[in-house]
Amino acid sequence: PKVVAPPAAATYVASFSDAKNYVLRLQAHGSLPSGRWPFRLRGCLESIEPGQAMHILRVVQLKKLEALLKGYDYDPWHELCEDLDAAIASAAATTTA
C-alpha cells in the first residue's frame, strides 16, 4: 500500500502524545496487539519527530490490513520497531552528513 505524505504546507504539528494516542487507538482497533508495548517502541517514539512517527504508524496499519487480506503472517510490533529504527538511523545519518 502506498501512503502519501502530508503536504509540506500542512499547519498541524504532531506531538509525542499524538503518536502515543495513535498507538493506543491501533491497539483498540486490533491493528496492534493489546497489552504492554515493547520497550523499544517507547524509546523510538521519543527519539523520532512525531509527525514522522505518525506516518510510520499509518504505514504499519496498512501493512497489517494487507497481511490480513492476503493471508500471510505479520508481526506488527517487530515491523513497527524496525521501521522506526530505520527512520532514526536515517535521521542520524542526515544530521551527521
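Visitor: Start just after helix 1. Which residue there takes a positive phi?
Guide: G30 does, with a phi of about 90°. G30 sits in the loop between helix 1 and helix 2. Bear in mind that this is a predicted model.

Visitor: Why is G30 called partly exposed?
Guide: Its relative accessible area is 44%. Buried needs under 20% and exposed needs over 50%. The value for G30 falls in between, so G30 is partly exposed.

Visitor: What is the distance in space between G30 and K64?
Guide: It is 9.6 Å, C-alpha to C-alpha. In sequence, G30 and K64 are 34 residues apart.

Visitor: How do you know that the end-to-end distance of helix 1 agrees with its number of residues?
Guide: Helix 1 covers residues 16-29, which is 14 residues. At 1.5 Å a residue it should span 20 Å. The end C-alpha atoms are 20 Å apart, so the two agree.

Visitor: Which residues of helix 1 are buried?
Guide: They are A19, Y22, V23, L26 and Q27.

Visitor: What puts them on the same side of helix 1?
Guide: The arc they cover around the axis is only 140°, which places them on the same side. The background is simple: an α-helix has 3.6 residues a turn, so residues three or four places apart point the same way.

Visitor: What do those buried residues pack against?
Guide: Three elements: helix 2 (39-47), helix 3 (50-70) and helix 4 (76-96). The face turned away from the buried side carries the exposed residues A28 and H29.

Visitor: Now the charged pairs. How many salt bridges does a search of the whole structure find?
Guide: It finds 4. As a general point, side chains of opposite charge can pair when their charged atoms come close.

Visitor: Why is the pair R40 and E82 called a salt bridge?
Guide: The closest N and O atoms of R40 and E82 are 3.0 Å apart. The cut-off is 4 Å, so the pair qualifies. R40 lies in helix 2 and E82 in helix 4, so the pair ties together parts that are 42 residues apart in sequence.

Visitor: Are R40 and E82 buried, partly exposed or exposed?
Guide: R40 has a relative accessible area of 35%, so it is partly exposed. E82 is partly exposed as well, at 35%.

Visitor: What is the N to O distance between D85 and R40?
Guide: It is 2.8 Å, and their side chains meet in a salt bridge. This pair links distant parts of the chain, with D85 in helix 4 and R40 in helix 2, 45 residues apart. D85 has a relative accessible area of 29%, so D85 counts as partly exposed.

Visitor: Which residue forms a salt bridge with K70?
Guide: E66 does, with the closest N and O atoms 3.0 Å apart. Both lie in helix 3, 4 residues apart, about one turn of the helix.

Visitor: Why is K70 counted as exposed?
Guide: Exposed needs over 50%. K70 has 59% relative accessibility, so it counts as exposed.

Visitor: Which residues do salt bridges with shared partners join into one network?
Guide: R40, E82 and D85.

Visitor: Last, the whole chain. What is its pattern along the sequence?
Guide: The pattern is α-α-α-α, from 4 helices and 0 strands. Of its 97 residues, 29% are buried.

Conventions
Residues are numbered from 1 along each chain as its sequence is written. This is a predicted model: local features need pLDDT of at least 70, side-chain atom pairs count only at pLDDT 80 or more; totals for chains, interfaces and linings use all residues. Side-chain values use heavy atoms; hydrogens and water are left out. Helices (H or I, at least four residues) and strands (E, at least two) are DSSP runs, numbered from the N terminus. The expected span of a helix is 1.5 Å times one less than its number of residues. Buried means under 20% relative accessible area, exposed over 50%, partly exposed in between (1.4 Å probe, protein chains only). The arc is that of the directions from the helix axis to the C-beta atoms. Contact means heavy atoms within 4.5 Å.
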